[in-house]
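Let's take a friendly walk through this model, strand by strand and helix by helix. Have your viewer ready.

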Protein chains: 2
Amino acid sequence: MKIALLGLGTVGRGVVEVINENKESIEKRAGQAIDIKYILDIREFADDPINKLITKNFDEIANDDEIAIVVEAMGGIEPAYTYAKSSLLKGKSYITSNKELVALHGAELLEIARNNHVNFLFEASVGGGIPIIRPLNQSLTADEIYEITGILNGTTNFILTKMREDGRAFEDVLKEAQELGYAEKNPEADVEGYDACRKIAILSSLALGEHVNFQDIPTEGITQITKEDMIYAEEMGYVIKLLATCQKQDASIFARVSPMLISKVHPLAMVNDVFNGILVKGNVIGDVMFYGRGAGKLPTASAVVADIVDAAKHTGTNIISFWNRDKVELKDKKQVKTRYFVRLQKDMDSIQNSVKEIFGTVEEVKSLNNEYAFITELDTEVQFAEKMNRLPELKVMNKIRIEK
Amino acid sequence: MKIALLGLGTVGRGVVEVINENKESIEKRAGQAIDIKYILDIREFADDPINKLITKNFDEIANDDEIAIVVEAMGGIEPAYTYAKSSLLKGKSYITSNKELVALHGAELLEIARNNHVNFLFEASVGGGIPIIRPLNQSLTADEIYEITGILNGTTNFILTKMREDGRAFEDVLKEAQELGYAEKNPEADVEGYDACRKIAILSSLALGEHVNFQDIPTEGITQITKEDMIYAEEMGYVIKLLATCQKQDASIFARVSPMLISKVHPLAMVNDVFNGILVKGNVIGDVMFYGRGAGKLPTASAVVADIVDAAKHTGTNIISFWNRDKVELKDKKQVKTRYFVRLQKDMDSIQNSVKEIFGTVEEVKSLNNEYAFITELDTEVQFAEKMNRLPELKVMNKIRIEK
């Protein structure tokens, strides 16, 4: 089985390393030899024996009938999308770790793969090495999945963990994460939740069988979370996590990415540092959780290579099919019901009465100096916003959603 | 696709229920209708519409060419083993939740399935609904797995959780578990670790690709764990779990089932009540954990039905193949290295000196009244036993293995 690798960055290097390191057991499981015939990269690797595999011309790969599997580890929409379509149309399976591509064009590429009796596989696009795409497709098939909630971004989870453990500020830990290589120079995709948003769109589409558009998912990042929020969370027996979720609520589907306060006994509360955790709830199976390293060269390569093995074992047979192009209509975010934890600056004595008058019953929280903090009842987002507007001229220190 | 169900006990009922409840999505995923044509049971279900499917004669099923899949939910070696062989030889896939059967005859039945181009599937035999068999076979294929450690028995995990949370004695909680239906009248298979032993034998065989004989795995249960042990564990920041493990240690393989003290920050420490957790370590992927309900009618049925879907999608194609009949030689249990937590009755003043003299450096633990407690260095089991023998006439209150 000859394969071509597109992109020799971190993940691409990992794929080469894993195929070499575990060659024997991989080929035993695939039932055949796995050889990398081409590596597409614009760079030269003069001193590296790998250089003899380098090509700068994708057409050389596309037109080589010996290539049965194309593995993409470049990221970004283009040229990955063009390469994916071209490969699938030429009867080659396409394997990718590229969450942008899968979130945007997954349904279409799966359809093309199906029509051409090959496979479009993307285990590495969500949760790094954690098996989650294949379990959703092949293991949880007896269930109606009614919720998927995950910590899907390792960078923000690392930041939140350090903020909590060391009592440090967001900016401070972000800097450390950048130095450690966990966060990019431009950290927006991680800290604003965009990365988690694409991943939950992929998981929801697979679970629902229809396309969830990532642009439809309300997304908030963790840049507003402070040291003081962590102190409150600790006091209440909660932790703050950036959760990406998709749930059936009142017969409709809603999805969201946002920081959430979750109880310390919640299964996702123990998912710390750069680890990811994905909680899946089904009407038969109950709660199942998957946990592991959500990123990194080797864990991601592990998932890519597992896809290669699967594609090799399924030559001529399409294996992922439960995600079509029909669009899922998500519930209006304003109508979603949530409870909020709210911190107000206490610059007037009657604040307690005002809050009671506007919010009705609230759960008061032991407050930091010169603050008044409480947890609201379950309410729609629009009602919550209206109530917040009715508060007298008060400084809102922060408001964070809290699990029901 | 016509199927036959062997046994209408708890799991069998669950299978019927799940197929009816989620019929539409299951058939969409299987790509065809799934109909139960026979149910083999010795009983009559006169008032139940299901009675018309009942047969008492297995041959009727075996000789019906329309039956493509036989689903067994009876348990026990016979007649399950005979039915399995007969079904596979007649070109029918065989799906089972029967861990005794899989642990004892798995390698042979997989071979027969392979030779007959059908499938022998057993996702429900370990971890109830938790996807673990399929991930080991199809997702973690890029890795050399060097450790699997799991909480594989929900009954004992429930008992240990209640003992810890409520400060109650083993016998007391066992009685409650029996009343709740979590433990059998004869609880031996659970509390002595036999159930966990069969399950870790299955997982290890799948990971190693060769047969691990469950009779070779040293197995201890939880009957010796006391309220006082729980107090010590809490004080040390540990919890006590019944762990089933298989690991590569010093270039050899060892397996064991025994109660272990694990740190509260260990991923398996948060697996409480009847939940199961399975930690898998690979040389590429790092640590991955799978968590969910390890038993119960519906979670187990969820796994069985997922196997039915998979078998339906893979008619004519064998999908599990990486477990052959070669036997894994396990490391002599006496040579396995462990650290122990030891509690001695303190009926002499010089006890501290004796322990130091015999064990060398130990980590002293804040002791209960009239006890002396400590943690040993890493040592082989045989050396530990010798040292314990050299202690002067002292009452050993308990000794529990502790994670390295």
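## Ground rules

Two strands pair if DSSP finds at least two bridges between them. Strands (E, at least two residues) and helices (H or I, at least four) are DSSP runs, numbered from the N terminus. This is a predicted model, where local features need pLDDT of at least 70, side-chain atom pairs count only at pLDDT 80 or more, and totals for chains, interfaces and linings use all residues. Residues are numbered from 1 along each chain as its sequence is written, while chains are lettered from A and ligands numbered from 1 in the order in which they are written.

## Partners of strand S16 in chain B

Six bridges link strand S12 (residues 337-345) of chain B with S16(B) in the antiparallel sense. Look for B:Val342, which sits opposite B:Lys399 in S16(B).

S16 (residues 396-402) of chain B also pairs with strand S9 (residues 252-263) of chain B, this time parallel and through two bridges. Here B:Met260 is opposite B:Arg401.

## The parallel sheet of chain A

In chain A, six strands make an open sheet with parallel pairing, ordered S3-S2-S1-S4-S5-S6. Strand S3 (54-55) and strand S6 (120-121) of chain A are at the edges with a single partner strand each, so one side of each has no neighbour in the sheet. Helix H12 (residues 297-313) of chain A packs on this sheet and touches strand S1 (2-6), S4, S5 and S6 of chain A. The direction of H12 makes about 165 degrees with that of S5(A), angles running from 0 to 180 degrees between N-to-C directions, with axes fitted to C-alpha atoms.

Strands S4 (residues 67-72) and S5 (residues 93-96) of chain A run parallel and share four bridges. Within this pair, A:Val71 has A:Ile95 as its bridge partner. Beyond its neighbours within four places in sequence, A:Val71 is in contact with residues including A:Ile3, A:Leu5, A:Val304 and A:Ile308 (contact: C-beta atoms, placed from the backbone, within 7 Å).

## Sheet and helices of chain B

Chain B has an open sheet of six strands in the order S3-S2-S1-S4-S5-S6, paired in parallel. Its edge strands are S3 (54-55) and S6 (120-121) of chain B, each pairing on one side only. Five bridges connect the parallel strands S1 (residues 2-6) and S4 (residues 67-72) of chain B, and B:Leu6 has B:Glu72 as its bridge partner.

Helices H4 (residues 80-89) and H5 (residues 99-115) of chain B pack at about 15 degrees, with their axes 10 Å apart. H4(B) and H5(B) are therefore roughly parallel (angles under 35 degrees). Among the residues that meet are B:Leu88 in H4(B) and B:Leu109 in H5(B).

Conventions: Contact = placed C-beta atoms within 7 Å. Parallel < 35°, antiparallel > 145°, perpendicular 65-115°, else oblique.
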